[in-house]
Amino acid sequence: MDNADVEAGGDDEFQGRRGRKYRPVVDDDDRAVLEMSSMDPSSSSHPAQSSLKKIKVSSEENLASNINEGPSASHVQSNGPQTESKLELFGFDSLVNILGLKSMTDEQAAVPSSPRDGETIAITQGRPKITAIKSGTLMGVFVPCLQNILGIIYYIRFSWIVGMAGIADSLLLVTLCGTCTFLTGISLSAIATNGAMKGGGPYYLIGRALGPEVGVSIGLCFFLGNAVAGSLYVLGAVETFLKAVPGAGFFTVTTTVNGMKVQSASLHDLQIYGIIVTILLCFIVFGGVKIINKVAPAFLIPVLLSMLCIYIGIARAKKNDPAEGLTGFSLDTFKDNWNSQYQKTNNAGIPDPDGKVPWDFNAMVGLFFPAVTGIMAGSNRSASLKDTQRSIPIGTLAATLTTTFMYLISVLLFGAIATRHLLLTDRLLSATISWPYPAFIYVGIILSTLGAALQSLTGAPRLLAAIANDDILPVLNYFKVADGSEPHFATLFTAFLCIACVIIGNLDLITPTITMFFLLCYAGVNLSCFLLDLLDAPSWRPRWKFHHWSLSLLGATLCIVIMFLISWAFTVVSLALASLIYYYVSIKGKAGDWGDGFKSAYFQLALRSLRSLGANQVHPKNWYPIPLIFCRPWGKLPENVPCHPKLADFANCMKKKGRGMSIFVSILDGDYPECVEDAKAACKQLDAYIEYKHCEGVAEIVVAPSMSEGFRGIVQTMGLGNLKPNIVVMRYPEIWRRENLTEIPNTFVEIINDCIVANKAVVIVKGLDEWPNEFQRQYGTIDLYWIVRDGGLMLLLSQLLLTKESFESCKIQVFCIAEEDTDAEGLKADVKKFLYDLRMHAEVIVVTMKSWDMQADNGAPQDESVEAYNAAQKRIADYLAEMKSTAKKHGTPLMADGKQVVVNEQQVEKFLYTTLKLNSTILRYSRMAAVVLVSLPPPPVNHPAYFYMEYMDLLVENVPRLLIVRGYRRDVVTLFT
């Protein structure tokens with residue numbers, strides 16, 4: 001590309017001495033530029049508009065007619081007529097006028113749940129209309145939680161658990177599971193009262209606390225758990241009905257248990273009745289929250305009456321009445337049942353020494369824990385609650401404490417009135433002892449399971465709709481619903497899953513996984529509260545004050561422990577499924593910043609790390625290059641190209657295994673208030689470039705009157721503490737003479753001087769257009785012309801280059817430039833020993849040359865170097881003659897670039913010859929090198945900047961790929977371990 005430069009002059013920027021302006025010099029067929037130009041064609045067509053969010057403010061037609069004056073008058077946009085406002089001083093109308101006080105917190109306000117740049121946000125003026133039926137604490141949270149918790153396990157398995165585990169272990173079991181759900185309820189209450197809460201329940205809370213990826217993965221698992229749990233409840237109700245009314249079955253199956261033939265319900269009967277019941281429940285769910293609230297008491301009241309019948313029956317029980325094995329309240333029975341008696345049973349749960357089902361405390365945890373799940377039933381319907389911050393804590397904790405207390409009392413009662421044999425053999429002991437008829441218990445079992453199924457089919461679709469509304473996964477867009485609407489498609493999908501599981505019939509293998517999903521969700525809620533409470537960000541101000549991070553951590557630990565107690569295999573399966581969803585969401589999902597706790601944790605961790613680093617000098621062992629990439633130092637880049645396409649490739653070469661941070665900086669010439677929108681658009685474009693090039697870095701745009709002033713501000717203020725950039729990387733201005741841009745030398749010299757004053761290292765890249773990317777393998781050598789002490793920066797850069805695939809096949813050669821009278825062999829030995837101690841493999845070559853004596857030259861310079869030398873001499877002579885003529889004409893001292901200069905012609909000749917000798921040496925030894933590194937000479941004091949550019953041009957002449965390096969007053973390598 002013939003040194004094609006991705007640089008051009010701004011229309012009014014850096015006008016040269018002879019009136020020349022910058023113009024684009026990029027070839028139209030430059031592949032790198034074409035690649036960058038096609039990145040985001042829409043990002044720069046209207047840069048000022050793309051950086052602003054569109055806000056549409058609509059108002060009701062009759063609003064203005066009801067308001068006569070004051071701040072309530074409609075405030076129109078700047079291009080329309082404006083009415084008088086009392087808050088005109090502030091430049092905006094009152095919040096009440098624009099938004100309405102209610103819409104700032106109301107759930108119906110049209111504010112996106114996962115805001116992203118570029119979205120159109122519609123804000124409706126005034127009080128929004130309430131279109132949905134809202135529930136209170138009792139019917140919205142307490143009743144759903146109670147219905148979900150009180151299930152079939154209490155009726156048909158609880159007495160058996162007491163008989164197998166004994167009173168002591170049963171109390172421990174209930175306490176362990178109850179403590180887990182109670183601590184989860186406390187964490188849920190704290191998060192739910194930390195602001196307005198929309199639909200989605202635990203998903204909404206976890207997603208906003210741990211990020212969208214974690215929220216969606218746990219939320220989808222929790223949805224699957226709720227959907228499949230609905231089928232379990234339906235099957236339990238149907239099985240109980242068929243046992244109570246055997247004649248209702250269409251098919252019968254006869255099995256032999258302990259030599260006795262027993263008729264049981266057929267799988268086909270379970271499937272037929274299960275599908276019918278699921279469809280009927282779906283019709284109720286389709287009726288909406290209003291119908292569900294009316295039907296829920298019809299399911300709950302008979303359940304509570306049946307439990308009352310059980311307690312009355314326990315109080316009336318006598319010895320062997322109403323069944324053999326009952327003792328009434330007996331201390332001896334209580335003592336006999338105190339200890340556990342774990343043993344093997346058959347598939348029906350009857351003790352059998354030859355049984356295939358072993359039982360222990362861990363198995364009891366897996367059997368009983370589903371009896372305490374359901375505490376999220378109220379929060380699942382958070383979008384349908386009048387006041388989530390009041391209803392969720394009170395309703396959830398009240399239901400948890402009520403059911404836990406009921407379980408603890410039941411353990412003591414069952415353990416005191418029946419022998420262990422009766423507890424283990426009568427699976428429906430609750431029906432046997434109930435008063436006045438066992439049929440009441442069958443009704444209670446059926447209605448309790450149907451009520452739990454109803455709540456599952458109500459909460460699961462709303463959870464799925466909430467995930468879809470956040471627009472994280474495009475595949476879930478079919479389940480989106482408007483605010484206040486019923487999630488019909490999500491309900492159909494949930495019913496389909498439920499019916500599919502009902503058709504399977506045998507869910508023994510799926511049930512533990514469902515329990516794992518519930519526990520995974522509970523652990524997510526606890527971890528969310530733990531993280532938020534521990535970080536204690538200014539936005540963390542929950543109304544629920546009875547919480548502490550230690551309680552949340554204990555709750556999360558209990559959840560994980562219980563998961564492994566139940567089954568480590570199913571724990572691994574559930575965690576693997578959640579991880580797969582997390583990975584899928586992180587790849588396919590849309591990015592969203594919800595202000596989650598991890599971002600706050602990263603922020604606090606960064607602050608603590610920054611404070612721990614302090615402001616003292618970093619030890620060489622811990623030194624990392626933090627390059628400041630100067631994206632546009634010599635002109636205006638072509639449209640849609642925010643940075644030279646190869647600068648990011650070079651920045652990555654300065655990092656070991658990609659670790660480190662780069663700061664990409666560009667300067668816009670102008671006045672900040674006038675160019676602020678252009679700066680925002682340019683920053684977005686530069687961010688897109690950095691992400692496109694897979695470079696770890698940040699973008700910064702600075703608006704300044706000139707490039708020199710902008711860079712001077714950057715080099716002084718950019719960064720914090722020891723995280724300030726320590727290397728300035730920029731491109732060599734190869735276009736300045738070809739385009740006759742004579743103001744570039746002064747800017748170039750000022751930048752280098754500012755870096756020296758600010759103690760920043762400098763790396764200037766010549767031949768950037770030909771810099772290889774990660775797929776272009778280089779061969780040959782990396783040659784270092786080590787002239788001055790630079791703290792080892794040049795050596796370190798060469799080692800970093802070797803870590804990249806493009807340069808890993810190269811070898812390092814170190815050329816030590818010395819005067820001819822220097823002890824060459826001694827210098828070579830010293831440098832070899834130094835490199836050995838630094839663990840660097842390189843070949844050392846000592847080159848002797850004279851700095852001034854032209855007649856004592858041992859070798860003739862390269863012909864092309866001599867031609868460049870003669871041309872430079874002529875140009876300097878012409879420039880000096882013009883300076884003298886101007887000074888004589890105006891009667892002033894010699895002036896250059898607005899400053900007085902002192903020209904020592906003999907010194908100028910000496911500097912020119914020194915660069916000539918160095919260039920000829922580079923061409924002689926390193927013409928075929930992959931890359932050459934040479935020390936950067938500082939600009940001489942009181943020399944015109946034009947002369948310095950001539951020195952530099954002669955130094956880099958005909959060298960295709962060159963890094964000009966200047967270190968700073970710090971060592972970046974060390975000999976010691």
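User: Let's start with Phe664. Is Phe664 buried or exposed?
Analyst: Buried. Its relative accessibility is 0%, and the cut-off for buried is under 20%. Keep in mind that this is a predicted model.

User: Which aromatic residue does Phe664 pair with?
Analyst: Tyr689. The two rings sit edge-to-face, 6.1 Å centre to centre, with 80 degrees between the planes.

User: And Tyr689, buried or exposed?
Analyst: Buried, with a relative accessible area of 0%.

User: What does the pair tie together?
Analyst: Phe664 is in strand β6 and Tyr689 is in helix α23 (residues 672-692), so the pair links parts 25 residues apart in sequence.

User: How many aromatic pairs are there?
Analyst: The count is 29. There is also an aromatic cluster made of Tyr154, Tyr155, Phe158, Phe368, Tyr407 and Phe414.

User: Back to β6. What sheet is it in?
Analyst: An open sheet of 10 strands with mixed pairing. The order is β7-β6-β5-β8-β9-β16-β15-β10-β11-β12.

User: Which strands are at the edges?
Analyst: β7 (697-704) and β12 (843-848), each pairing on one side only. From one strand to the next, the twist averages 20 degrees.

User: How do β5 and β6 pair, and over how many bridges?
Analyst: Strand β5 (residues 627-630) runs parallel to strand β6 (residues 662-669), with 3 bridges between them. In one of the bridges, Phe630 partners Val665 in β6.

User: Which helix packs on the sheet?
Analyst: Helix α26 (residues 793-802) does. It touches several strands, including β8 (727-731), β9 (761-766) and β10 (781-786). The direction of α26 makes about 175 degrees with that of β10.

User: New topic: helix α8. How many residues does it have?
Analyst: Helix α8 (residues 212-244) has 33 residues. It reaches 47 Å from first C-alpha to last, close to the expected 48 Å.

User: Why call α8 largely enclosed?
Analyst: Because 26 of its 33 residues are buried.

User: Now the backbone. Where is there a cis peptide bond?
Analyst: Between Trp435 and Pro436, with omega about 0 degrees. Pro436 is in the loop between α15 (429-432) and α16 (439-469). Most peptide bonds are trans.

User: Which residues other than glycine have a positive phi?
Analyst: Among them are His694, with phi near 55 degrees, and Asn958, with phi near 65 degrees.

User: Where do they lie?
Analyst: His694 is in the loop between α23 and β7. Asn958 is in the loop between α30 (945-956) and β16. His694 is exposed at 69% relative accessible area, while Asn958 is partly exposed at 36%.

Definitions and conventions:
Residues numbered from 1 in each chain as written. Predicted model: local features only at pLDDT ≥ 70, side-chain atom pairs only at ≥ 80, totals over all residues. Heavy atoms only, no water. Pairing = 2+ DSSP bridges. Helix = DSSP H or I, 4+ residues; strand = E, 2+ residues; numbered from the N terminus. Axes fitted to C-alpha atoms, helices over the stretch in contact; angles between N-to-C directions. Contact = heavy atoms within 4.5 Å. Expected span 1.5 Å × (residues − 1). Buried < 20%, exposed > 50% of the residue type's maximum accessible area, 1.4 Å probe, protein only. Phe/Tyr/Trp six-rings, centres within 6.5 Å; stacked < 30°, edge-to-face > 60°.
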